[in-house]
Amino acid sequence: MKKEKKITQIILCTFFALLCALVIFPFLLLVSASLSNPAQLLESGYKVIPNPVDFSAYAYVLKNPTQILNAYGVTFAFSVISMVFGVLLMAMIAYPLSRRGLRGRNVINFYLYFTMLFSGGLVPTYIIVASVLHLNNTLWVYILPGLISPWYVFMMRTFFAGIPEAIVESAKIDGASEYTIFFRIIIPLSKPVLATVALFVFLSKWNDWNTALIYITDSKLYSLQYLLQKIVEDINILKENATAAQMSDLAKVPTETVRMAMAVVAAGPALIVFPFFQKYFVKGLTVGSVKG
Amino acid sequence: MSKIKKILSVLMCAAIVVSLAAGLTGCAGKNKADSNTLVWYVFGDKPADLDAVLAKANEIIEPQIGMKLDMRYIDSASYTSKMKNIMAAHEAYDLAFTGYINPYQEAVSLGGLYDITDYISEVGLDEVIPEFYLQSATVDGRIYGIPNIQVVSNPITISMDKSLAEEIGFDMKTIENAAINAENFDDIKAYTALLDDLFERVHKARPDLYVMNPTYNLIRDPFYEQVISEVYIRRNSDSNEMFVDMETEEGKYSAEKLNEWFNKGYIRNDISSVGTAVTSNDEWRKIAVRSNTWKPGQEPYDTERYGEEQVYAILNKPYVGRTSALATMTSVGADSKHPKEAVEFLKLINTNKELFNIICWGIEGTHYTLGETGHVTEIADSGYNSMGQNAWRFGNQFNALLLEDQADDTWKLTEKMNNEAIKSKMLGFVPNTDSITNELANVSNVADEYKAKRQFGTVAVSSWEAEYADKLDKAGIHKIRDELQKQYDEFLDK
């Protein structure tokens with residue numbers, strides 16, 4: 001019995017160690033490439049340990065940091081705003097829906113669910129956002145569309161439904177208002193689901209480049225990921241349509257190593273944020289699958 | 001719990017402050033076009049000094065047209081998708097760059113462009129733009145935009161360092177003569193034999209270099225014009241027959257040759273992962289025989305890029321393909337309120353050199369200086385840089401001032417080459433691909449799958465040839481060919 005357990009342990013550990021290596025290895029290559037000498041990279045390809053270590057790519061990236069810092073600021077701002085307001089508003093929708101007493105609950109549920117199945121498509125969305133609401137080239141375009149995600153609302157609703165009705169009732173008897181119940185009882189009890197949704201929202205906003213692709217023309221409002229995408233895409237467009245005049249520009253284009261360094265610079269904060277949420281994350285992930 | 005609360009409240013405060021700031025800047029950033037402004041979308045990063053330059057340009061534009069110009073820059077990475085949305089949402093704009101990004105033909109079929117055919121003769125634009133450019137831009141007899149004139153007839157060339165050519169005692173002109181005068185398959189084989197000889201000698205003399213880059217298919221590309229997808233037509237022939245790439249003896253021959261060259265180590269063996277794009281000078285200098293396109297005034301650039309003076313073999317006569325002139329155009333927006341003024345402006349920007357050079361280079365003294373010979377030297381970091389080198393973004397490049405290191409007669413020679421070039425028989429033929437959309441997508445997938453084998457010769461031809469042909473056939477390549485041929489025959493009958 002004990003021996004059997006040990007074998008299972010070994011198999012599981014090897015499996016996860018391999019999985020871990022599969023995930024970490026490309027990232028190591030990325031970091032290593034960013035620390036390589038560009039000519040060396042061309043000569044001998046990617047290596048796990050750069051030899052010699054060369055910081056010129058980072059020097060290039062940080063030599064003129066205004067644009068990156070700007071994009072950092074913009075991305076951080078809309079990620080945090082979306083996370084805070086998004087989680088708050090979604091919780092405020094989800095909580096009433098989790099209570100059995102709410103009249104019209106099914107209608108609201110259906111209204112939310114409907115948007116999960118059907119969307120207006122790109123062009124009508126664009127017309128509303130850009131031509132009617134004039135949100136293009138503002139920070140709001142990153143925040144307002146998609147602030148509420150029905151998926152997360154349902155996830156929270158399931159979690160809230162698991163909180164015993166009795167707690168709410170006893171609070172009511174003690175004279176608590178609905179707001180007090182929500183903010184002082186439900187929210188503190190729901191930290192796992194809130195942290196999970198907050199992390200998801202933050203990460204998806206942090207990695208958002210599509211919004212800028214469609215709505216942002218002002219370079220001061222580029223998001224970080226879009227800036228990276230733009231650098232790579234600009235190079236591709238130059239490559240594909242190289243006339244001699246453009247070719248002279250190509251010599252000045254960031255090299256492979258610089259692009260890797262930029263990717264490392266952009267990935268940084270998301271890596272740091274993750275451990276802070278991890279405590280709640282494991283618990284939150286099982287939300288919706290286990291009732292109780 | 002109180003800790004969470006604290007963090008939450010701090011975050012909330014931060015969020016509110018930032019959103020307030022965002023709201024304020026958002027309002028300030030909004031500038032609505034008034035009714036007296038021509039809005040012109042171009043791609044690229046907005047230059048810092050754009051407003052000053054536009055003010056100067058408007059001193060010329062306003063008295064002539066009675067309207068002001070507003071240029072809006074969209075970065076090239078998102079230009080195509082942003083313009084598609086703008087057109088689909090029927091936003092009113094007057095002019096926009098169409099071409100290799102934001103493709104003209106797609107914009108026409110989207111209904112995003114204004115039919116300016118009648119205005120062209122009314123305003124006299126046809127006196128300014130040579131006939132074959134307008135012919136290229138004609139879709140079903142109507143014109144929606146005009147080509148920004150630049151080099152459209154570059155031949156394919158191979159070049160190598162002069163010192164290496166002398167070392168191995170090879171005269172590049174023999175290849176040039178053989179290629180340019182090749183009329184049939186035997187001639188092409190004779191020309192290929194010369195290539196074989198050259199590559200072998202180079203490989204022996206400089207084993208440390210890659211012998212060649214397969215950016216162009218040296219056996220096919222100088223002689224064929226691509227119609228769409230994998231369908232081609234012969235350039236120097238009276239035949240109007242369209243055919244599928246690998247179904248001719250030359251096509252098959254070129255694949256076998258590429259494989260032979262790859263096996264002999266002439267092509268870098270990791271070509272299928274790195275691709276054909278050569279981006280840096282370091283990379284160029286690792287290749288001995290470089291295939292590229294050629295245009296007048298190219299030599300000094302090449303010397304700088306490749307590190308040494310080059311000897312060239314130009315492989316075909318200058319040739320204007322069906323879509324060559326469509327690479328850089330300025331078109332009029334479908335919902336423009338001032339289409340006539342927009343066309344008048346197109347004439348102005350293509351004729352008034354002073355205006356054109358303001359848009360291209362900025363203000364003299366502030367953004368650039370003129371040397372004694374009248375050539376431009378840009379002032380570094382002046383807030384309006386690197387625009388004029390790509391003058392084809394805005395209009396007729398031949399009106400642009402030259403840079404200090406460009407020869408005086410660069411534009412004259414380029415214009416001459418364009419005008420004297422062989423014009424594709426297909427100019428003005430715009431296939432309607434509605435009925436073959438699926439087939440085109442399928443064929444493109446198959447072609448991508450076999451790209452390394454077909455273009456770089458990485459695997460023996462016999463091992464994939466039948467499979468490739470079969471997959472292409474199933475993907476609908478013959479339906480595409482037949483449909484294009486049918487439409488082309490109808491076009492020729494007209």
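**Salt bridges in a predicted model**

Hi everyone! Let's begin with one pair: in chain B, the side chains of Glu483(B) and Lys486(B) come together in a salt bridge, at 3.7 Å from N to O. Please keep in mind that this is a predicted model.

Why are these two separated by about one helical turn? Because Glu483(B) and Lys486(B) are three residues apart in helix α20 of chain B, which covers residues 477-493. And is Glu483(B) buried or exposed? Glu483(B) is buried, because its relative accessible area is 18%, and the cut-off for buried is under 20%.

Lys474(B) makes a salt bridge with Asp470(B), and their closest N and O atoms are 3.1 Å apart. Both residues sit in helix α19 of chain B, residues 461-475, and they are four residues apart, about one turn of the helix. Lys474(B) counts as exposed because its relative accessibility is 65%. Asp470(B), at 38%, is therefore partly exposed.

One more pair for you to find: Asp208(B) and Arg206(B) form a salt bridge, with the closest N and O atoms 3.0 Å apart. Arg206(B) has a relative accessibility of 29%, so Arg206(B) is partly exposed.

Why do such pairs form at all? Side chains of opposite charge can pair when their charged atoms come close.

And how many salt bridges does the structure hold over all chains? The total is 30.

Conventions:
Residues are numbered from 1 along each chain as its sequence is written. Chains are lettered from A and ligands numbered from 1 in the order in which they are written. This is a predicted model: local features need pLDDT of at least 70, side-chain atom pairs count only at pLDDT 80 or more; totals for chains, interfaces and linings use all residues. Side-chain values use heavy atoms; hydrogens and water are left out. A salt bridge is a side-chain nitrogen of Lys or Arg within 4 Å of a carboxyl oxygen of Asp or Glu. Buried means under 20% relative accessible area, exposed over 50%, partly exposed in between (1.4 Å probe, protein chains only).
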